[in-house]
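Reader: Please take a close look at the salt bridges in this model, and describe the partners of each pair together with their surroundings.

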Amino acid sequence: MSAETTGTGAGTDARSTAAGTYAPKPGAAPLPRMIATQAALETKMLLRNGEQLLLTVIIPTLLLVLFSAVDVVDTGDGEAVDFLAPGILALAVMSTAFTGQAIATGFERRYGVLKRLAVSPLPRWGLMTAKSLSVLVTEVLQVILVTVIALALGWSPHGNPFAVLLLLVLGTAAFSGLGLLMAGTLKAEATLAAANLVFLLLLIGGGVIVPLDRFPQGAQDVLGLLPISALSEGLRDVLQHGAGIPWGNLGILAVWAVVGLAAAGRFFRWE
């Protein structure tokens with residue numbers, strides 16, 4: 001009787017294992033899946049945040065519509081939207097890759113979210129990769145939105161799409177490095193204040209809505225070295241004036257990207 005019972009049980013276990021019912025495989029999910037899942041989560045959190053939407057969607061859209069419709073700033077010859085659209089694209093990149101990412105990461109660090117994620121199966125570099133993917137997804141949505149609105153306002157872009165892509169990618173890398181550096185070294189409250197202040201200052205002095213040639217020559221030389229100026233002027237050269245590859249602006253962005261990412265990797269504190 002005991003043997004029969006044992007035999008029946010063994011047969012049931014074998015069938016259950018074969019069917020996959022009682023054959024769990026403990027362990028972490030594949031790394032690409034973990035990164036993709038974390039990136040999707042980061043994107044949802046960003047798009048659900050009211051302050052993030054204000055920075056990434058509402059402010060750029062309002063500035064584009066307002067300054068295209070009302071002659072407040074002298075943007076030179078041609079339609080105002082032809083000057084403004086490239087600058088607003090640069091502003092969208094900065095708002096997501098720098099301001100939004102710095103604030104979100106700073107408060108994640110303050111509340112211990114980063115510390116807990118750092119000991120999860122997802123490696124630290126995987127978490128940063130997921131954050132970067134989230135930024136890129138958000139920027140794609142921003143570019144589509146700004147482009148549609150600008151075209152509706154009469155924008156007529158032309159130029160090399162590859163040059164535009166290079167500028168956007170290097171601009172994203174530069175602002176991401178600076179945003180992570182700020183979030184990883186300052187307290188959350190200081191990051192919130194500093195990121196918003198930098199956003200406002202670069203909006204005014206970065207060639208986004210006010211041409212750089214409206215500033216004194218000495219100021220122009222300094223402002224032209226800023227990443228927002230290099231990105232906005234580079235996009236404007238390509239999309240408004242039909243220039244080729246803006247190597248000078250790309251070089252400035254590349255330097256900011258290397259310095260910012262290297263500094264963030266060196267000085268970023270997870271706690």
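Author: R236 and E233 both belong to helix α10 (residues 227-239), where three residues, about one turn of the helix, lie between their positions; helices here are DSSP runs of H or I with at least four residues, numbered from the N terminus. Their side chains meet in a salt bridge at 2.8 Å, N to O, the term standing for a side-chain nitrogen of Lys or Arg within 4 Å of a carboxyl oxygen of Asp or Glu. R236 is buried at a relative accessible area of 3%, whereas E233 is partly exposed at 22%; buried means under 20% relative accessible area, exposed over 50%, and partly exposed in between, with a 1.4 Å probe and protein chains only.

Salt bridges that share partners join E42, E108 and K131 into one network. Within it, K131 pairs with E108, their closest N and O atoms being 2.6 Å apart. This pair links distant parts of the chain, 23 residues apart, with K131 in helix α6 (residues 124-152) and E108 in helix α4 (residues 80-110). K131 is buried at 4% relative accessibility, and E108 is buried at 10%.

R214 forms a salt bridge with D213, with 2.7 Å between the closest N and O atoms; R214 is partly exposed at 41%, while D213 is exposed at 51%. A search of the whole structure finds five salt bridges.

The model is predicted, so local features need pLDDT of at least 70 and side-chain atom pairs count only at pLDDT 80 or more, while totals for chains, interfaces and linings use all residues. Residues are numbered from 1 along each chain as its sequence is written, and side-chain values use heavy atoms, leaving out hydrogens and water.

Definitions and conventions: Helix = DSSP H or I, 4+ residues; strand = E, 2+ residues; numbered from the N terminus.
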